[in-house]
Structures are given as C-alpha cells and as structure tokens.
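Biologist: I am new to this structure and would like to discuss its aromatic rings. Could you show it to me?

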Amino acid sequence: MRGFLHIFLILGLMVYSLSLSAQRTEKWCGEYIYYGSIYETPGLAKQKALERAQIKAVEEVFGLSVSQSNFTNVNNTNGNSSIDFTSIGGSDVNGEWIETIGEPEYEISVEGEFLVVKVKVCGRVREIVSAPIDFSAHLLRNGIEDKFEDYDFWEGDDLYLSFVSPVSGYLAVYLIDDDGEAYCLLPYSRMRNGVFDVRADKRYVLFSEKCAEGTLEKSLVDELYLTCDKDIEHNQVYIIFSPNKFTKVNDSDGGLDTTTELILPRHLNNQNFHKWLAACRKHDKDMRADKRIITIRKSII
C-alpha cells in the first residue's frame, strides 16, 4: 500500500507540473502609436497608448479567439409569421500582460487635431488556457447601488465599489494617482492581517460603513473622499481578485494630510506596486487584475 501511495503521489506531481508548463510565458518588446484627441491630457493618452501596446503584444504572441453565435427568432402576429436571423461575433486575445520590464519610453507630438503618443515597451505576456473568473465590479459615485456606476468624479465625491464573485476568494483594491503613488484602499487600513476575504455570490459594497455587517466590520471600514490637486487628474484603480490566498504589498502608513485633515491610505510607489503584482501573477495563474481609469476634476466652488 505504501508503495502504491508513493507512485500515486509522483504521478500527481507530474500531472500538476505538466498543467503549469502548458501555460506559456513569453517576453515581448515593441511599440505602438496612439492617435488621441488634442483635448485629452498627455497623462491619459499615455495610459491608453500603453494599454493598447499591451493588447498588441498579447495578440502578436498568442493571437485572437474569434467566436460567432447565430440566433433565429420566429414572430407570429395576427397569423403572420416572420423569421429574424441574428449573428453576433466577437474576438478575445488568448493571453494577458503580466509584467512590464523597465520603464516605457514615450514620444508625444501634435499632428493637426490629434495628440500622437508613441510608446516603446518591453514586458512578459502569459497564455490564457482557461476562462478567467467572471467577477462583477462597479465603481460607484455618491451612491451604493450599481446604477451609480461612473468613471467621472468631482473633487469631494464619495467612491464606493460593489463586488460579486461566483467563487470565494481574496480581494485587494489599489489606486494609483497622477504622481505615481499607489494607495492601498483594500484591505482597510485597520485590518492587520493584510487580506480581505469574500464569500461566493455575496454582493459587497466596499468603503461604506452603512453596508458593513456587524459592529467590528463597521469599525474597520475606510470611507473614501476624493481629492484633486490639479484641474483634472486621471487615476487608475486596480481590482485584484484570486481564489487563492494572497496578502497586500508591503507599504507605508499614509499618515495625516495636513491640507485636508484627512487620513491617507497606506501607500508605496508605482514601480514597487507593479513589481509586487507581477510576482503575484507569476505564481498564481488564477489571479485577475482588472484596471479601471477614473477622472477627477477640480471643484469649481
């Protein structure tokens, strides 16, 4: 029996190793030229150029999956029948960008009505061999229902996040501002274990004390109040989820903002945040990192 068990364990490890090797990782270096509106800020145009370069990288290395679904609808009105044929097509890249190597290089120019951004970047892309976890996440402005989803904010607005996952797991949320600082919004600043666990099929409204359950949980919630140092800022919000346990990045206490008298979230620089995220994703093929861009405008009053 012991000999049989030993053989079974070895075979199990071989199968596990093969499943890992089936997910290829490749290095890619290239460039992309983005043509945006002259009314876009250079910061937002650079973000869009980098994102599209990353999509181009995955497409060139792993290609696209093209799908098409056909539907037939038969209508019968007053004895008259009609048949409608509908075809819905789509395409998805077969991989994901998991790490940027070095710093992207940008060249910005104006051509007529276009703001032109040329970006050169190197990174690593990973093949997707199974469907990612289909969680639902909505950034909410001044309200806790999903109908308040928005990506344009004014200084002083409240920010909430609604989140539902089909499987239990662990969640983290980070915001990166225009100055390259990454702020840990979740886990909350008073959560000392570095993790925020979520239950399958439960709707969470984060950053709302009203929606928290129980006295202890309410006492831990950080409610978010958006500020803006410039006339307009473009911040990136990363929603990171995995069914496998992970802890937040090693960061520093935010302290007190002397201008607003508000407590700042824990933070670190953008480069170290992305190093942490890349390392997590290398070792966790189930981790999903969803990036959203929000605009914050200076209040007129």
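Biologist: Which residue lies over the face of Tyr204?
Modeller: Lys202 does, at 4.9 Å from the ring centre. A charge sits over a ring if NZ of Lys or CZ of Arg is within 6 Å of the ring centre and within 35 degrees of the ring normal. Please note that this is a predicted model, where local features need pLDDT of at least 70 and side-chain atom pairs 80 or more, while totals for chains, interfaces and linings use all residues. Residues are numbered from 1 along each chain as its sequence is written, and side-chain values use heavy atoms, without hydrogens and water.

Biologist: And what sits over the ring of Phe135?
Modeller: The charged end of Arg288, 4.0 Å from the ring's centre.

Biologist: Turning to ring pairs, how many aromatic pairs are there?
Modeller: The structure holds 13. Rings of Phe, Tyr and Trp (its six-membered ring) pair if their centres lie within 6.5 Å; planes under 30 degrees apart are stacked, over 60 edge-to-face, and the rest tilted. Phe163 and Phe241 have ring centres 5.6 Å apart and planes at 45 degrees, so this pair is tilted.

Biologist: Are those two buried or exposed?
Modeller: Both Phe163 and Phe241 are buried, which is under 20% relative accessible area, with exposed over 50% and partly exposed in between (1.4 Å probe, protein chains only).

Biologist: What about Phe246 and Trp276?
Modeller: Their ring centres are 6.4 Å apart with planes at 50 degrees, so they too form a tilted pair. Phe246 is buried at 9% relative accessible area, and Trp276 is buried at 13%.

Biologist: Which residues form one aromatic cluster?
Modeller: Tyr174, Tyr238, Phe246, Phe273 and Trp276.
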